[in-house]
Amino acid sequence: MKGIISKHRWKWPVAVFLVLASVGAYAGVSCGAGGVCTQTIQLNPGWNAIYLKIEADNSETAQVFADLLDDTGPRVSSVWTWLADRGDFEFIEDPNTEALLNEPGWLRFFAPDNEASLLNNLHLLPANQAYLVRLESDESASLVIEGTPTRPSLEWKANTL
């Protein structure tokens with residue numbers, strides 16, 4: 001592999017992307033004609049860590065989770081993400097939503113019928129971002145997102161993890 005990279009003089013992010021793609025980093029994403037792709041994510045009861053690999057056709061949070069916000073089956077109660085540029089990194093073992101409300105860097109979305117939805121500041125779900133999703137149910141559910149694939153962008157920041 002080293003010879004191939006140096007022979008073609010690829011930059012390392014492109015090489016990392018190609019290696020990850022070849023070993024199944026895009027598992028769970030299927031693409032059809034016209035470049036439309038579908039990512040299916042299995043959600044289990046309780047907290048789920050997910051990573052969006054495609055840009056949803058309509059990336060509004062309420063639209064992405066529309067099938068899981070009504071009372072017809074398993075229900076998502078909240079979605080959270082952390083933006084590195086807005087606060088210091090902390091390891092979260094068991095997310096306590098009340099404690100995170102005042103922490104800089106955390107964006108959140110609560111189901112529309114929740115009183116806390118007035119505090120929503122996570123309005124869009126861009127691709128290549130990790131999210132914590134709380135599924136209030138005794139059974140699993142599938143989150144299906146349609147959109148276009150995006151290439152992960154890697155940005156190195158000095159003196160960070």
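Which residue in β6 does T81 stand opposite? I started my notebook with that. I kept in mind that this is a predicted model.

**Entry 1: the pair around T81.** I looked up T81 and found L107 opposite, in β6. Next I checked the strands. β5 covers residues 75-82 and pairs with β6. The pairing is antiparallel and runs over five bridges. I reminded myself that strands of a sheet pair through backbone hydrogen bonds, either parallel or antiparallel.

**Entry 2: the sheet that holds β5 and β6.** I traced four strands in the order β3-β7-β5-β6. The sheet is open, and its pairing is antiparallel. Which strands stand at the edges? I noted β3 (46-52) and β6 (106-110). Each has a single partner strand, so one side of each is left without a neighbour in the sheet.

**Entry 3: another open sheet.** I followed the order β1-β2-β8-β4. That makes an open sheet of four strands with antiparallel pairing. I found β1 (29-31) and β4 (54-56) at the edges. Each of these has a single partner strand, and therefore one side of each lacks a neighbour in the sheet. Neighbouring strands of this sheet are turned by 45° against each other on average, direction ignored.

**Entry 4: β4 and β8.** How many bridges join β4 to β8? I noted three, and the two strands run antiparallel. Strand β8 spans residues 141-149. I then picked I54 and looked for its bridge partner in β8. That partner is P149.

Conventions. Residues numbered from 1 in each chain as written. Predicted model: local features only at pLDDT ≥ 70, side-chain atom pairs only at ≥ 80, totals over all residues. Heavy atoms only, no water. Pairing = 2+ DSSP bridges. Axes fitted to C-alpha atoms, helices over the stretch in contact; angles between N-to-C directions.
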